[in-house]
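Subject: Structure for your files

Hello,

Here is the structure I said I would pass on. My notes follow below it.

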Amino acid sequence: RSSGRFSMWQALGAPDGVEIVSWNTSALLSSSARLRQRKGEFIGRVGASADIICLQEVRPVVGSASRLLKKRFPTKVALLSPHPVSGTCGMVTLISARLAAKCIVCSSSLVPGRALRVTLVAGEFKLITWNIHSFGLTLR
């Protein structure tokens with residue numbers, strides 16, 4: 001800071017850095033309400049202060065994922081990459097609404113339900129996160 005320049009973290013409104021949590025949830029968005037509740041409460045506690053949460057194996061059911069994520073994580077912006085087969089695989093990157101409001105947020109699903117790239121841009125600063133669940137991926 002002695003140079004008079006702001007750091008990336010200051011530009012993002014997080015002078016102490018950005019906290020990132022990653023977890024293979026194994027069915028966070030399953031059709032079982034009991035399972036969703038139990039896993040959602042856990043990740044809600046663990047990720048309460050996190051700026052970015054990368055979740056794998058959320059297993060979204062078509063049509064319900066966005067609603068369930070908004071209900072479970074009301075202070076986060078959800079970027080979802082569902083697998084082509086409903087109820088299997090799938091990943092989501094959650095970004096705190098505070099952080100998302102200070103950035104341009106872009107996402108691309110390189111392998112649907114398996115690899116999600118999220119870019120946050122604030123001025124001249126860029127933060128890129130990769131949320132990857134490598135099961136079944138090949139290097140072809």
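Helix α2 (33–46) and helix α3 (65–72) each supply at least two residues of the lining of the largest pocket; helices are DSSP runs of H or I with at least four residues, strands runs of E with at least two, both numbered from the N terminus. This is a predicted model, in which local features need pLDDT of at least 70 and side-chain atom pairs pLDDT 80 or more, while totals for chains, interfaces and linings use all residues. Residues are numbered from 1 along each chain as its sequence is written, and side-chain values use heavy atoms, without hydrogens and water.

The lining of the largest pocket divides into six nonpolar, two polar and three charged residues (Asp, Glu, Lys and Arg count as charged; Ala, Val, Leu, Ile, Met, Phe, Trp, Tyr, Cys and Pro as nonpolar; the others, Gly among them, as polar).

There is an open sheet of four strands, ordered β1-β2-β4-β3, with mixed pairing; two strands pair if DSSP finds at least two bridges between them. Its edge strands, β1 (20–24) and β3 (76–81), each pair on one side only. Within this sheet, β2 (52–56) and β4 (91–96) are antiparallel over five bridges, and I53 stands opposite L94 in β4.

A second open sheet has three strands in the order β5-β6-β7, paired antiparallel. Here β5 (104–111) and β7 (125–132) are the edge strands. Seven bridges join β5 to β6 (115–122) in the antiparallel sense; V105 has L120 in β6 as its bridge partner.

Regards
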